[in-house]
Each structure stands twice: as C-alpha cells, then as structure tokens.
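Here is a short briefing on one protein model. Look at the sequence and the structure before reading the points below.

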Amino acid sequence: PNLATTFLDLPLNNPLMNASGVWCSVGSQLEALQESEAGAMVTKSCTLQPRDGNPEPRYRVLNGDKPWGSINSMGLPNEGFAYYLRYTERHDYESKPLFISISGLTLDDNLAMIDGLKDAVTPAILEINLSCPNVPGKAQLGYDFDAMDTLLAEVTSGYGQRSLGVKLPPYFDIAHFDEAAAILNRYPTVAFVTCINSIGNALAIDIDSESVIIKPKDGFGGLGGDYVLPTALANVNAFYRRCPEKAIIGCGGVKSGQEAFMHILAGATLVQMGTALYEEGPGIFARVKAELSEIMEKKGYSSLSQFHGKLKTL
Ligand SMILES: O=C(O)c1[nH]c(=O)[nH]c(=O)c1I
C-alpha cells in the first residue's frame, strides 16, 4: 500500500506527524523529527518572547503501568518566535513539510508573529493555536466565538492570501460544531483545521498520596491519549462534514495504525501524535506507518484516498 499523500499541494511520504508541543521545542528535538519517519512536523506553539512556562511537575502519564493517557499543564514554555522562525530557515523542506505553530498571548503578539512570517521566504505552514488550556488567566480563544472571529479577521488580512490553519479545542455540543464551522467557513484562506487539542482542565488524583499529580493550577491540566480518542474522532468528522473546502488534521488518541486509520476514515488528511510520541519517542512514526500499511493491506486498500472520509453510518 502507498501511504503517500498531499497537503496544500505539498507531497508527503506518509500522513503522520507530531502534535505541536511534543518533541518539538528545541533544536535537538526538531532535528530528531526531521530524521524520523514522520511525514511532516510542527514546532512547539510559540509566543513573541521566550517563556519558562508553569512549575514542574507539569506533565504526567495517567494510571502508571497501564497508561490511558496524559495530563499536562506546561504553560506554553517555548524559546520565543525568533527561535522557531530561524528553524524554519534551516529546515530541509525536501525531506518533509514543516508547520510552525503560534500562540500569542495577545492579538497584537499574534499579528506581530504573522507579520514576521508573511515576509519570510520559508514555505513553513502556519497553524494558529486557538486552544491552549494552561496559561493562567488566558481563556481559550476557541471557546470565545466572538474573539475567535475577530482574531481570524485580523490574522487572515495580515497574512494576505497565504493559506493557514487553526488548532481547535474539542467541542462537545452540535451547536458549537455548527457555530465554530460557520465562523471558519467565512475565511477561505483558513485552509485546514486541526482537531483536537487536549481536553482542557481535567484533574488526576493519586489515592496513595491523596493528592493531585501536577503542580500548576491545583492539578488541573489538559488530557491526552486514549481518554480523548472518541472526542477527537467526533471533532474530526464534525468539521470534515461542515468544512468541505478545508482539510482536516486529526489529533487525539493516536498510538497505533488502528487509531490513525480511524482518524483518516473520519476525514483526517494528516494525523498527529502527542502523548504516544511523548512516551515512545520519534521511533513511533516507523511503527505506526508499518501498522497502518498492514491494515490497508488486509483491507485491500492501495492508497489513503480509497478510505479517506469514507466513514459509514448505520
Ligand atoms: O500547556 C501548554 O503549553 C499546552 N498544552 C496543551 O495541552 N495544549 C496546548 O496548546 C498548550 I500551548
């Protein structure tokens, strides 16, 4: 089977990539992704200035030996926009496409980063993060539809005719799928939607210590991993159905070829891995590629397009 695909007219050897935030904050990690079997890669969401982020412990896998997922409240630690812009200038675009993720603390910061990017001669693809759940005092833009609309109006005009994408939080209500999609569909240069970011503000408890397990925010943090797969699949399919002109990138609960296959069936063109990559490292891409290929072989599919978005209903 052939795992090759295209995204915004760019060729990819396979649909797998990292989720922003995982294994992509510093040069050594970015180089490891560059060397890995990932079909594409994305940088850690950045702010205009470097940030330390929240106090540790701020990431934990949940339920010890049999982890069902992760909880994190990193707090947007990153090396600052200039660092990632420099990486976009030294990335090997022949080997795989690069996405750059921005998550400005203010609209002005987002516009300043957009300004820095729009003149850059790099073919990096912009993914704007509207869904960081862990910056104390900063509500998620993805849950404030007016603010999201205003940001998209400003950002798309600042970015001109260049295509870009948004990283959305999970929604849990059909009316919210409808409203978010209606906003996105008013911005034709928003060429893709990445669903989902972590399920925000979950709480993990350790009964031996009778305590929370991460330090920031009294233990509240974003949930990833197996826990979020059904919600991720729903968001991928909801936006796939509602935004026929846009590509969907699936993220959430992918740890093997099985979940990658589900995301593609639900409408994802590319598939991101976060928690599973954090735990296994960049070798995961070769493993999941092989697993996805094996599933396709068994089902008699020779290309992704033969089942992409072809989820059946009853
Ligand atoms: O806490 C983080 O840094 C973080 N953590 C997440 O789970 N999603 C995000 O978008 C971000 I910016």
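Which residues surround the ligand? In this predicted model, the shell consists of Lys44, Asn72, Met74, Gly75, Leu76, Pro77, Asn129, Cys132, Pro133, Asn134, Asn197 and Ser198. The points below cover this shell and then a sheet of strands.

**The shell by class**
- Sorted by class, the residues around the ligand are five nonpolar, six polar and one charged.
- Lys44 counts as charged, and Lys44 is one of the residues of the shell.

**Polar atoms at the ligand**
- Lys44 has a polar side-chain atom 2.8 Å from an oxygen atom of the ligand.
- For Asn129, too, a polar side-chain atom lies 2.8 Å from an oxygen atom of the ligand.
- With Met74 the polar atom belongs to the backbone, and its distance to an oxygen atom of the ligand is 3.2 Å.
- The ligand taken alone exposes 320 Å², and the protein buries 91% of that.

**Where β4 pairs**
- The strand β7 covers residues 98-102 and pairs with β4 in the parallel sense.
- Two bridges join β4 and β7.
- Met41 has Leu98 in β7 as its bridge partner.

Notes
Residues numbered from 1 in each chain as written. Predicted model: local features only at pLDDT ≥ 70, side-chain atom pairs only at ≥ 80, totals over all residues. Heavy atoms only, no water. Near = heavy atom within 4 Å. Polar contact = N/O pair within 3.5 Å; in protein donor to acceptor, adjacent residues only side chain to side chain. Areas by Shrake-Rupley, 256 points an atom, 1.4 Å probe, with all protein chains shown as cover. Pairing = 2+ DSSP bridges. Helix = DSSP H or I, 4+ residues; strand = E, 2+ residues; numbered from the N terminus.
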